[in-house]
Amino acid sequence: MRGLLTVSTQVADTAAQTGVVFDPDSSWRLHHQVAVRPEPFGALLYHFGTRKLSFLKNRTVVEVVNALADHPDARSACRAVGIADADQGPYLHALSVLVSSKMLIPGNPQ
């Protein structure tokens with residue numbers, strides 16, 4: 001499985017530029033300026049601050065994004081929506097892209 005996410009603009013922000021590195025063992029949440037619009041294919045994410053638009057290409061990745069704030073880390077959020085540890089790679093990659101595009105930010109430690 002590949003391509004769970006499409007970012008409509010170039011993701012120019014790297015970890016070095018933003019200072020934020022995706023760690024699947026840390027807490028994450030949607031940025032407060034990001035709106036999620038459900039769609040039949042998954043969802044659209046729009047960041048009102050950066051004006052970036054991302055397409056989540058399936059409903060499972062949408063469930064993971066929506067579950068992040070309720071779990072102590074990204075891996076736990078994946079497990080909570082039924083993704084086995086061995087199958088989390090594409091989902092964790094999608095989350096890392098969302099961190100790079102500032103859609104996701106570090107959450108509060110639980």
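Trainee: Is D85 buried or exposed, or does it fall in between?

Mentor: In this predicted model, D85 is partly exposed, with a relative accessible area of 48%.

Trainee: With which residue does the side chain of D85 meet in a salt bridge?

Mentor: Side chains of opposite charge can pair when their charged atoms come close. Here the partner of D85 is R79, at 2.7 Å from N to O. R79 is likewise partly exposed, its relative accessible area being 41%.

Trainee: How many salt bridges does the count come to?

Mentor: The count comes to three salt bridges. One of them joins the side chains of R75 and D25, with an N to O distance of 2.8 Å.

Trainee: What relative accessibility do R75 and D25 have?

Mentor: R75 has 27% and counts as partly exposed. D25 has 48% and also counts as partly exposed.

Trainee: Which side chain meets that of R37 in a salt bridge?

Mentor: The side chain of E39 does, at 2.5 Å from N to O.

Trainee: Is E39 buried or exposed?

Mentor: E39 is buried, with a relative accessible area of 19%. The assignment rests on the cut-off, because buried means under 20%.

How values were computed:
Residues numbered from 1 in each chain as written. Predicted model: local features only at pLDDT ≥ 70, side-chain atom pairs only at ≥ 80, totals over all residues. Heavy atoms only, no water. Salt bridge = Lys/Arg side-chain N within 4 Å of Asp/Glu carboxyl O. Buried < 20%, exposed > 50% of the residue type's maximum accessible area, 1.4 Å probe, protein only.
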